[in-house]
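I opened the model today and kept notes on what I looked up. My entries follow.

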Amino acid sequence: MGKDNIIDIKDLRINFYTKAGVVKAIDGVDLSIIKGETFGLVGESGCGKSVTANSIMGLIQSPPGKIEKGAIWFNAPKEILERIQPNGRFRKGSSKTISLTDGKVEILGLNKKNLRLIRGRAISMIFQEPMTALNPVFTAGDQISEIILLHEKRELAEAVLKKLNETNGQKKRYRRASKKIGGKGELRCSSCNGIVLEDQELCPQCGSSFVRNPNKTVRFRLFYRRIYTKMVKDPDALSLSLMAKVPILRRYRRLMIIEANDRAMRMLRLVRIPDPKNVMKSFPHELSGGMQQRVMIAIALSCRPQLLIADEPTTALDVTIQAQILKLIQELQDEMDTSVLMITHNLGIVAEVCDRVGVMYAGCLVERASTDSIFKEPLHPYTQGLMNSIPKVDLELSRLETIEGNVPNLINPPSGCRFHTRCPYVMEHCKKEKPQLIEIVPGHSVACHLYGGDGNG
């Protein structure tokens, strides 16, 4: 486990148990991502790229999926490590115990409560199809603020307390809201002209009251301050969870929702969405594909994650929008110091944005190196085939090269090297023994018997 690695995947093996048989989807993947880098994971459709990403996020549905073996070590921030519950509280049926080593937590098998501390906050994902990933019955603003409300309770409570303290010393104005506007339940404060909810007692902008009894307003303000002070100390307190389920008591969340909506608006501006105020109120079907993808990026980055998984983020977008989305991800990565796992089958994207590359075939990682090294001197026959299939502007070819054969059925995968049925350099040894990933030159590893891959990688 490298000290500078944000994540280390060791010997990951995942099977899916179906009526047709056991699909051996991932077979011993080893992968590390360095802090701050963009790591590209490439390969044909069905090679296991998305399954690997879903295992990091804890999204392997069981049944039918099952993680048979392996470990995923994540370099989690200190505030998350402090909130993870110890005493071996892993998911039901697991024999593992929570392991913390040098600030890293082994996230495979964590129960849902512990996993939710990491997923969505420290590790986020841009899913492949924004139209299916976004909820069609909620507005874009609601879906961004939801993730902020879930993971940023302490930060929201601190912001609300600050505003309450700022308005506490001001002269109290007890004017009622007037002038009905816009959507259902919205009013305009007659003191500062700010927008407030119909059943709100305090204006979040100026602190004016919307009730007749000033003493009641003061009591509510003291009540809110006690709750938010407690939330700053312990956002996971059981009493707060119970209060959130009682309608009359969960009114304290309204000020948090206002603050979360403000942050959601800032995220939409950050991802370069024009007119974010209207987009906040828009449903996914009212947005274009590029706008939907930007909303997905805003959701993924709303809690400033340490690792961002981008699962083919430019699928079904035209080339102009693709370039804008990739440039946006790079800019936000530099601004937030986020590591990125870029999953794609487009080698042009890899050459443009990735620092290092891993090539997958039929559930196995067959080559891993820097982007320059992969493009200058691909070692594995499969990687060579991918490179030769790219059109070249300086060469006039009658037809592009192809990789002969078909992707194997992973219910009955080939013995030995899974690529041997399509490899032009196949040897008898390839059919019997699986090659291990070994380092040929510094920083460049390959799993192939042509390079002595029968040793221990």
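**Aromatic rings**

The model is predicted, so I kept its limits in mind: local features need pLDDT of at least 70, side-chain atom pairs count only at pLDDT 80 or more, and totals for chains, interfaces and linings use all residues. Residues are numbered from 1 along each chain as its sequence is written, and side-chain values use heavy atoms, with hydrogens and water left out.

I found three aromatic pairs in the structure. I took rings of Phe, Tyr and Trp (its six-membered ring) as paired if their centres lie within 6.5 Å; planes under 30 degrees apart are stacked, over 60 edge-to-face, the rest tilted. Y361 and Y382 have ring centres 4.8 Å apart and planes at 55°, so I logged a tilted pair. Y361 sits in strand β12 (residues 356–361) and Y382 in helix α15 (residues 381–388), 21 residues apart. Helices (H or I, at least four residues) and strands (E, at least two) are DSSP runs, numbered from the N terminus. Y382 is buried, as is Y361. Y361 and F419 have centres 5.0 Å apart and planes at 85°, so that pair is edge-to-face. I noted one aromatic cluster of Y361, Y382 and F419.

**Helix α1**

Seven of the nine residues of α1 (residues 49–57) are buried, so the rest of the structure largely encloses this helix. Just after α1, I saw G58 with a positive phi of about 70°.

Note on methods
Buried < 20%, exposed > 50% of the residue type's maximum accessible area, 1.4 Å probe, protein only.
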